[in-house]
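Please walk through this structure with me.

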Amino acid sequence: MTALRGLLRGNAAVNTRTAGRWISSVAAESGFSFPASQARKGVAPRRDPGSRNVQWVFLGCPGVGKGTYASRLSRLLGVPHIATGDLVRDELAATSPLSKQLTEIVNRGHLVSDEIIIDLLSKRLEDGVAKGESGFILDGFPRTRRQAEILDGVTEIELVVNLKLREDVLLAKCLGRRICSQCGGNFNVASIDIKGENGRPGIAMPPLLPPEHCMSKLITRADDTEDVVKERLRLYHELSQPVEEFYRIRGKLLEFDLPGGIPESWPKLLRALNLDDHNEKQSAAA
Ligand SMILES: [Zn+2]
């Protein structure tokens with residue numbers, strides 16, 4: 001396995017078939033077995049205590065709060081939250097043949113290839129297994145249909161949660177983002193309060209205001225303009241629709257419309273994931 005990993009690390013054109021077999025064997029050794037019948041209907045199976053941990057993917061457009069929900073759930077379930085953006089950042093900070101290659105790619109302004117991302121992810125999963133981790137929640141991957149196909153050969157995905165928010169709310173949220181130029185804190189000045197109409201539920205999301213001392217130092221990111229945000233969302237949908245379709249036809253896609261901010265959305269999300277018992281146990285223990 002070490003030799004194969006060396007091969008993977010040293011070779012930019014990673015043979016994903018080999019990587020797939022390799023991870024499958026890692027998975028088999030660690031008891032990551034997957035009952036194929038479980039997630040066919042795109043609903044989270046009710047899990048027995050002590051059963052193998054979840055292998056989930058979180059999808060959602062920029063600004064939807066995907067990272068927040070994925071990280072909360074990973075803490076609740078005791079599984080790692082693996083964000084591919086973090087993997088790339090960590091590798092850039094490391095010293096390895098791959099980090100050199102990656103630095104060149106990023107400096108030239110090129111996109112990091114599917115092969116490199118899969119390589120980083122395979123390494124992360126392997127390291128996790130070695131540390132005794134079980135299960136994962138992936139965030140930011142797969143981003144394209146091709147990545148979804150590659151991932152399919154690497155490990156078994158049980159459920160894909162697609163977090164969605166009305167486009168007008170999303171736009172308002174993105175345009176309301178502010179950063180404190182002094183402490184770097186992230187805030188949001190958008191105050192969303194849309195009344196329900198024509199059977200469509202209303203939605204309210206309070207702003208996330210900064211403390212007094214940050215108030216006068218707030219800045220807006222240069223790329224948070226209406227045109228840029230709309231273009232970012234359009235691009236996201238163009239790439240993600242085939243990914244959603246890939247999982248939909250496999251019966252693994254769970255669509256979740258966020259009903260508001262975290263206080264409204266979190267309990268409903270847990271219910272949709274069949275984790276409401278889990279949450280009660282957690283709060284009883286806390
Ligand atoms: Zn501040």
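Two strands count as paired if DSSP finds at least two bridges between them. Helices (H or I, at least four residues) and strands (E, at least two) are DSSP runs, numbered from the N terminus. The model is predicted: local features need pLDDT of at least 70, side-chain atom pairs count only at pLDDT 80 or more, and totals for chains, interfaces and linings use all residues. Residues are numbered from 1 along each chain as its sequence is written.

Start at strand 3. Phe58 has Asp139 in strand 3 as its bridge partner. Four bridges link strand 1 (residues 55-60) with strand 3, and the two run parallel. Strand 2 (residues 81-83) also runs parallel to strand 3, joined by three bridges. There, His81 stands opposite Ile137.

In a regular strand the side chains alternate between the two faces of the sheet. Strand 3 (residues 136-139) is covered on both faces. Phe136 and Leu138 are buried on one side, Ile137 and Asp139 on the other. Buried means that 20 or more other C-beta atoms, placed from the backbone, lie within 10 Å of the residue's own.

Three strands form an open, antiparallel sheet in the order 6-5-9. Strand 6 (186-188) and strand 9 (218-219) are at the edges with a single partner strand each, so one side of each has no neighbour in the sheet. Three bridges join strand 5 (residues 177-180) to strand 6. Arg177 pairs with Asn188 in strand 6.

Key. A residue is buried if 20 or more other C-beta atoms lie within 10 Å of its own, exposed if 12 or fewer, and partly exposed in between; C-beta atoms are placed from the backbone.
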